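Hi,

Here is the structure I said I would pass on. Have a look, and my notes follow below.

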Amino acid sequence: MARRLSHHDYTVGWVCALPDELTAAQEMLDEEHQNLPSNHTDSNIYTLGSIGAHNVILACLPAGQTGTNSAVAVAMQMKTTFPAVRFGLMVGIGGGVPSKEADIRLGDVVVSQPGNGHGGVVQYDFGKSTPSGFKRTGFLNAPPAILLTAVTKLRSNLDRGRSSLSPHLSKLGNLPKFGRDQAGSDLLFEAEYNHGGQDSCLSCTTARTIQRNERAGNIPMIYYGAIASGNQVMRDGVERDKISSEFGGVLCFEMEAAGLMNTFPCLVIRGICDYADSHKNKRWQPYAAGTAAAYAKELLGVIPAADVVDTQTVDEALRGVKHTFYLPFERNHKFIGRNAELDTLKQKLLVNKDCQKVALSGLGGIGKTQVALQFAYSVKEDCPEYSIFWVQALSMETFELSCREIAGVLGIRQEQEGGEDLKILVRQRLSAKTAGKWLLVIDNADDLDLLRGTYQAEGLLAFLPESDGGLTIFTTRHGAVAQYLAGSDVVEIEKMTRQETTDLLQKSLVRKNPSDNFETVVNLLAELEYLPLAITQAAAYINTNKSSISEYLRLLKKTEQDAVALISTDFGDKTRYRNSMNAVAKTWTITFNKILECDTLATDLLAFISCIGWRAIPYSILPAAYPEARLAGAIGTLCSYSFLERRDDGTKLDMHRLVHLATRIWVNQNGCKAETTIAALKHLAEVFPSDDYTNREIWRDYLPHVARIEKDEQCQGTEDKSRLCLKVGRCLYVDGRMKEAVLWLQESCEWRNINLPQSNIDRLTSQHMLAIAYQANGQIKEAVELLEHVVSIESEVLAEDHP
């Protein structure tokens, strides 16, 4: 079954004037395609097909309506219906102009080529009358460079005996009327000798013919030069030679090309069917149409498809338009730094060209979208041959909206394409060889299920275009998604440098406050951990409230509740999506919820870490999972989203301070704070090591995290806290940190003294350990009193052999 392509897949427009010319053209097609829906404003009837790697549209002038005006009408409708057409070929018959310089015979081919101050085609009947006679005016454009380059290549091939003209002509072998033997004899009469009046030249005297040497074979010769075009048929040998002389020598006369050259960039190819004199007849027309069509086919065979893709469309050439853009954001004039990341993108995609897809990966708010936006605008400036498009991939709905915008700028009319899905139409348009070079940014490609699709529905990736001239940049928070999309071509967006973030903050502030010295700025940036979104949010707060950096820093460090309020406040930003969550805490909440859907163990880890410290988290302190590979996978998920970073050969983990604060907000919003804290406390009480000195490095790593949860109100007055405090106190005692040991052991005893009977061994154990710590800390009186108490209780209730 014949293939069916879209209107945007066709790049070559082939125009004929006569039915024989159309027949010859159709026979040259390697493949014929299905017809496409007609446009009610287009009266042309097309034949669609391919020659080599090129998709070709054939159109013929209406019967009986030859001439320049009719040719223009056909070509204009063609380029409207098939907007990806790069150039045209005007292929058919013409009247030859033999001369001493050009021994043109019937069946030979003439190709328009610039020279003698003209563009390859001259309109001999266009001008104005003056007292001194008729003065020709106007200049017709030369054929496109890609066609002239192909002509040079083909001429070289022919000179080297590498012509395929005869094999192409043989495709007409099953159509007898197109054979050379059906054309008859080739007679050239003197220019002054007029035809005798009958259809044939039987009554014309051969004495008035010009004698020419016989050619060795019947292979047509190819001539390159000027073609004279006008609205009248040339039937006069004397006038023919006169006009030819005026233009410095023309090779052929015809009636359509002058109408096309300035409105439909094309090459004119004419098979010689007569000598533009009164001896005209139609016997040579089929064969001459065939030789012209065969040459056109051979010409297309030497034009690389990639060169056609890089060529402007007819509309672009006429309008001077080279590219199309859809970018949802204005350029960010506050953009700072990121030179290394931008240079990596440039090297990969534009200089070395070692890949066509790159993923930008990093923590939400780290600046991935801004880097992609900056790169897109730099390509727009430095590489004008690229079209640039932007897609938001948060959901199928945002993806479809972006595709609708892109379809609009590309001029895709859904109704013209039979109501086809716009996502498919955009993919087809940009995947076509005719699309040229383009850069596509897929922003927020975080959901792998949405990207890959399900058994019930196709994912977003199924609708993304691919072509030799296409480049794609993905932005994603998920490192695993980045690798899935781009393999090893991932650019990780890391924290900005202190200088970069200093410049960003200063550039974002409306006013400078004298109280904000350098040290204050550095402290704020450190608190915000050099995160671009957090810095932009801070600047927005300071600008809106006419505050200062020092005041914002004071609030950020005052209480956790103040910090929560600050990082949860939305702000306007023209470089981010409308209705999106711009507050740094809220943007991470989206990802937390996504993790909750697909990885419960990773969610449990987030919740646990929200209860402890955010720095130097020992791998061994985390709740265990079986098999251990599950725990490794969960950690990998959080690292993939840049919520965790490995350090010390993977034995410890770090979390961004603001991410840690956001997890606490998220846990609280989900109503799980009390449950989460109590579970974390119980776990720490179980895993905290004994006071064996060999465990010293472990308890030192654990202590900062225990110290954080110990302050949580949910942990106060619980047995697990008492048990944990005893373990911590013992370890601190062994470590020689007596003052701290006393405080922790006092905490342990406090709950047990209230909730356990005096004779309870756990209560006595805590008291005994506290008494020892008192003694070591120099608190002799307290030590003696507590030891006496413990001994008295033990002597009353415990067996004599109790240790």
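Which residue lies over the face of Phe 463? It is Lys 423, at 4.8 Å from the ring centre. Arg 452 lies over the face of Tyr 484 in turn, at 5.4 Å from the ring centre. A charge counts as over a ring here if NZ of Lys or CZ of Arg is within 6 Å of the ring centre and within 35 degrees of the ring normal.

Some housekeeping before the rest. This is a predicted model, so local features need pLDDT of at least 70 and side-chain atom pairs count only at pLDDT 80 or more, while totals for chains, interfaces and linings use all residues. Residues are numbered from 1 along each chain as its sequence is written, and side-chain values use heavy atoms, with hydrogens and water left out.

On to the aromatics: there are nine aromatic pairs (Phe, Tyr and Trp rings, the six-membered one for Trp, with centres within 6.5 Å; planes under 30 degrees apart are stacked, over 60 edge-to-face, the rest tilted). Tyr 10 and Phe 82 have ring centres 5.7 Å apart and planes at 85°, so they are edge-to-face. Tyr 10 sits in the segment before β1 (12–16) and Phe 82 in the loop between α2 (68–81) and β5 (87–96), so this pair ties together parts that are 72 residues apart in sequence. Helices (H or I, at least four residues) and strands (E, at least two) are DSSP runs, numbered from the N terminus. Tyr 10 is buried at a relative accessible area of 0%, and Phe 82 is buried at 2%; buried means under 20% relative accessible area, exposed over 50%, partly exposed in between, with a 1.4 Å probe and protein chains only. Ring pairs link Tyr 10, Tyr 46 and Phe 82 into a cluster.

Beyond four places in sequence, Phe 375 is in contact (heavy atoms within 4.5 Å) with Leu 342, Leu 345, Lys 346, Leu 349, Leu 350, Leu 439 and Ile 473.

Now the sheets, where two strands pair if DSSP finds at least two bridges between them. An open six-stranded sheet runs β13-β15-β16-β17-β14-β18, with parallel pairing. Its edges are β13 (325–326) and β18 (490–492), each with a single partner strand, so one side of each has no neighbour in the sheet. Five bridges join β16 (residues 437–443) to β17 (residues 470–476), and Ile 442 stands opposite Phe 474 in β17. Helix α10 (residues 368–382) lies across β13, β14 (357–361), β15 (386–392), β16 and β17, at about 160° to β15; axes are lines fitted to C-alpha atoms, for helices over the stretch in contact, and angles run from 0 to 180 degrees between N-to-C directions.

There is also an open three-stranded sheet, in the order β19-β21-β20, with antiparallel pairing. β20 and β21 (residues 652–655) pair over four bridges, with Arg 646 opposite Leu 653 in β21.

Last one: Lys 348 belongs to helix α9 (residues 339–351) and counts as buried at 17% relative accessibility. Its contacts include Asp 489, which is 141 residues away along the chain, with the two C-alpha atoms separated by 8.3 Å.

Cheers
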